Amino acid sequence: MMSYKTSSIPSELITINFKQAPCNFISCFSIRRVYNHRKISLNIKEINQRLDDIVKEKEKYQLQLMSMSNTINHPQQRPETSSFVDVSKLCGRHKEKAEILNYLWGGSGEEETVELIPTISIVGMGGLGKTALAQLIYNDDDVQGHFDRVIWVCVSDLFYEKRVARAIIQGLEKLSDAAAYGLESNPLQVLLERISSFIRAMKYFLILDDVWDGNKGERWEGLKTTFKFGAPGSRILVTTRDVEVAKMMGSSPSQIISLEKLGNEQCWSIIKHIALEGRDDQNLEKIGREIAEKCKGLPLAAKTLGSLLKSKRSKREWQSVLNSEIWKLELAQKDIFAPLLLSYYDLPAPVKRCFVCCVLFPKDHRIFPHVLIPQWMAMGYLGSDGNADLESKGEEYFRILVDRSFFQDFTMLEGDIFFCKMHDMVHDFARYLAENEFAIKGINSDHLTIDGSKNRHLTVMIDEGIPFPTSISGAEKLRALITSTGEGALTYEALRGLFNHCRRLRLLSFGWPDGTDHLCKEIPEGIGKLIHLRFLHLGSNKKLERLPKALCNLLNLEFLELWCCANLKQLPDSIGKLINLRYLCTVGCSALTQYPKGVQKLTSLRHLTGLIARADRNDAKEFCLADLGNLKHLHLLYLKVVGNSIDMEQAREAQLQDPQWLCIFLAGSIQRADIIAALDPHRNIPHLGFSGNYGFD
């Protein structure tokens, strides 16, 4: 815990030094300044005392000092294809697939009525490949052609009726994410009526993946009643670990497909395909087959071990995996945990921290690398190299976790991973490693108590109709807080109390990157007390109209997400004080008509999406094209150009430093050819485009 205390001191010094104006003899001895410096001095003294104690213990136990670097030794580069292997095609599930398809074509053997849409359930323990099999069915061309609509909804153990209903509507009506978020304010009954109206006389196929607690049967009734309005031939497919859940969802015994464990030969086939990329290697096959026996028939275990062995090229390294003491640990007896432990302990030390941090996301959550990496940065997991390219280091760590199969279900954009997910068994494993330091808590009252001596990172899940707690006991030492709430839960008073008690926060997120939250219209000025804050996510908050001036006192802030804050009317004029800001997004802030001039001072920016720049003149208050010349580190720029003409002189001053991504939106009468000629972007920019909505739906 001492590392937490030491990491806070630089933030305090930066803030104090920046806020203090050049002083004369008298002001230098102001009471507040003396108090601040004395407070830091006492902290340093306490840390030095603790270090002395550690040194004494080192000598007492004759411990040897070893050097540990954050650098990662790179093995010889090999093709990165295994991360996206569809294991379901390799693990012998052809019989189960054929059985499910027979049900879909109408061979269920059950009487089909208007009141009862046939529901097939895939049941099995975690890691057996239930989701992979369901994906294989979902992506089948014959299935897609047989039904009017095929909808995939991931339910997970955090079950919210409105979220499931919204996801069904999104699939039925083929809505964009932004349009689907717009449904959040509708009551559940309105959403259900919209579903029933749309599917009337429609033959649909609905897949409900990862359905959990059968005790929530009453909460499913409204949704189940809605499903019956589909046309004859409609089908529902459920994946679950619990046969009782399958029965609750309406599956008869003949409609329940229980997945069995794989044979050793099938596990070896998966390992071989990933680790050896399909080639034969007689020197490794005998050891590989022995390792396959340790998979206990789980496809996920085989995939994890294959990804681990891919980086091991010699017989000695494979033998080391086979003979590892980890197999003997009590924890390793939990089926999938042994392969995960082997893969985890083989990770570089800094990557291990980054992996465990992912437990802050709930199961089946969409994980966006462009959000995850700044979170790692905010927590100090990528080091503190000033303005060095920490994003590249984060991408490297993320790629290592991808290659080791800690992530799955990849959605690609222009050849890069846009978002992915974490298997729920991998999530359970991360939660075990995190112990009490990372916690996810549900709330059903106005008070929350956490273990202040252990909990440093907290995710709070608040159901619809429950207010955000007015007090959080033990929150004084929190470093990360992520909230997901219903409409109206985050009141002005609740936020004020939060800012007063959680002053050590480095990461604060109101609402998921792929979800919707509802802040009040204004944020208290007390947010300026969070001087350690690096990461602030306010996205998708439709009520938010303005940002407090005190936000610009967060001099350590690196990430500011304002995506789809549709009623946000302006950014603070003093935003230029955020000199460490690396990421700013205002895409979807439709009420925002200009950027303040101070943005030109944000010279650390790497990602700037939603920028509004005036082209026809160099305005004293508005951001203009010429001001782009100060932002020399941009990697991604989504730019809205306003005005009916181009001031060529200021356009030449823009001097775009070859960003990797450049998307330009023209809001006036300026033509595409004119803006290209004026800005003269390098023709080798990998991603250059023009769009009416910044390239986002």
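1. The loop between α8 (188-199) and β3 (204-211) contains A201. In this predicted model, A201 has a positive phi of about 65 degrees, although the residue is not a glycine. Most residues other than glycine have a negative phi. A201 is also exposed, because its relative accessibility is 64% and the cut-off for exposed is over 50%.

2. A positive phi also occurs at E414, where the value is near 55 degrees and the residue is again not a glycine. E414 sits in the loop between β6 (408-413) and β7 (416-421). With a relative accessibility of 53%, E414 counts as exposed.

3. What do β6 and β7 form, and how many residues lie between them? The two strands make a hairpin with two residues between them, and E414, with its positive phi of about 55 degrees, is in the turn. β6 and β7 run antiparallel and are joined by four bridges. L413 stands opposite D416 of β7.

4. Aromatic pairs come next. The count of such pairs is 15. One of them is Y344 with F429: the ring centres are 6.0 Å apart and the planes are at 80 degrees, so the pair is edge-to-face, given that planes over 60 degrees apart count as such. This pair links distant parts of the chain, since Y344 belongs to helix α15 (residues 337-345) and F429 to helix α19 (residues 424-434), 85 residues apart. Both partners are on the buried side of the cut-off, which is under 20% relative accessible area: Y344 has a relative accessible area of 11%, and F429 has a relative accessibility of 0%.

5. F429 has a further ring partner in F355. Their centres lie 6.1 Å apart with the planes at 35 degrees, so this pair is tilted. Here too the pair links distant parts of the chain: F355 is in helix α16 (residues 349-357), F429 is in helix α19, and the two are 74 residues apart. F355 is buried, with a relative accessible area of 0%.

6. Which residues do the ring pairs link into a cluster? The members are F337, Y344, Y345, F355, F406, F429 and Y432. The two pairs described above, Y344 with F429 and F355 with F429, involve residues of this cluster. A pair of aromatic rings is described by the distance of the centres and the angle of the planes, so both values should be read together.

7. Two lysines are placed over aromatic rings. K228 lies over the face of F229, at 5.9 Å from the ring centre. For K294, the charged end sits over the ring of W327, and the distance to the ring centre is 5.0 Å.

8. For the protein overall, the secondary structure amounts to 22 helices and 20 strands. Of the 697 residues, 54% are buried. Taking contacts between residues at least 6 apart in sequence, 71% join residues that are at least 24 apart. The accessible surface is about 31,100 Å², and carbon and sulfur atoms account for 49% of that area.

Note on methods. Residues numbered from 1 in each chain as written. Predicted model: local features only at pLDDT ≥ 70, side-chain atom pairs only at ≥ 80, totals over all residues. Heavy atoms only, no water. Buried < 20%, exposed > 50% of the residue type's maximum accessible area, 1.4 Å probe, protein only. Contact = heavy atoms within 4.5 Å. Areas by Shrake-Rupley, 256 points an atom, 1.4 Å probe, with all protein chains shown as cover. Phe/Tyr/Trp six-rings, centres within 6.5 Å; stacked < 30°, edge-to-face > 60°. Lys NZ or Arg CZ within 6 Å of the ring centre and 35° of its normal. Pairing = 2+ DSSP bridges.
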